[in-house]
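Colleague: I'm new to this one. Can you put it up and walk me through a few residues?

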Amino acid sequence: MKKIVDIEFGSQRYEELVELRYKVLLEPLGLKFLDSHRDKEMGYLHVGCIEQLDDKLVGGLMLAPVDDKTIRMLQVAVDGKYQNEGIGKSLVKSAEIRAKEAGFKIIVMHAMLSVADFYAKQGYQQKGDIFEEGGVTFVKMVKKI
Ligand SMILES: CC(C)(COP(=O)(O)OP(=O)(O)OC[C@H]1O[C@@H](n2cnc3c(N)ncnc32)[C@H](O)[C@@H]1OP(=O)(O)O)[C@@H](O)C(=O)NCCC(=O)NCCS
């Protein structure tokens, strides 16, 4: 059984999420997790998915407030062993509820073009042109919540 939880910045779970995001997202792109990232993430909302059988963190994401209405979804990551089981979808859905409860009206993100369809399936729409950053192609996507 999986459950979606809020993760407190600086907690042991947060450190597990940092490690998971590094393994799933940053390392494959040749990027590092820096202390400056940690400083920025202090003000973000962190959401995780736990496999309750062994208390293991299997996925997570972050939400970063942009302004009063808009929040940005960042670094959605599911452990490779647990992908395609609906965890990513549950995380995104829960993040939308969390963001709405906090008073936000719009979620924005820079999705990797290779996973844009994952977000499109959940109602996110492409906005503007695709762009490249550090050799990776991204597309800006938005959803009203
Ligand atoms: C992309 C990712 C978050 C998806 O999470 P997941 O748990 O594997 O996906 P789910 O099982 O919830 O899939 C939900 C739906 O999206 C589809 N989907 C999953 N990954 C997809 C992909 N890469 N491209 C297109 N569709 C995808 C599934 O087939 C499923 O479709 P359905 O509802 O019609 O059955 C996960 O695979 C991941 O962490 N990938 C590596 C890191 C990454 O690319 N993160 C995104 C950064 S922008």
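Colleague: Which helix does Glu96 lie in?

Modeller: Glu96 lies in helix α3, residues 87-101. Helices are DSSP runs of H or I with at least four residues, strands are E runs of at least two, and both are numbered from the N terminus. This is a predicted model: local features need pLDDT of at least 70, side-chain atom pairs count only at pLDDT 80 or more, and totals for chains, interfaces and linings use all residues. Residues are numbered from 1 along each chain as its sequence is written.

Colleague: Why does Glu96 count as partly exposed?

Modeller: Because Glu96 has 19 C-beta neighbours inside 10 Å. Buried takes 20 or more other C-beta atoms within 10 Å, exposed 12 or fewer, and partly exposed is in between, with C-beta atoms placed from the backbone.

Colleague: What does Glu96 touch, not counting residues up to four places away in sequence?

Modeller: Ile107 and Ile145. Contact means that C-beta atoms, placed from the backbone, lie within 7 Å.

Colleague: New topic. Where does Tyr44 lie?

Modeller: In the loop between α2 (35-41) and β2 (45-51). Tyr44 is partly exposed, with 17 other C-beta atoms within 10 Å. Leaving aside neighbours within four places in sequence, Tyr44 is in contact with Met62, Leu63 and Ala64.

Colleague: And the ligand: how many residues surround it?

Modeller: 18 residues do, and the closest are Gln83, Gly88, Lys89, Asp117 and Phe118. Here a residue is near if its C-beta atom, placed from the backbone, lies within 6 Å of the molecule.

Colleague: Which elements give two or more residues to that shell?

Modeller: α1 (12-26), β4 (70-78), α3, β5 (106-112) and α4 (116-120).

Notes:
Contact = placed C-beta atoms within 7 Å.
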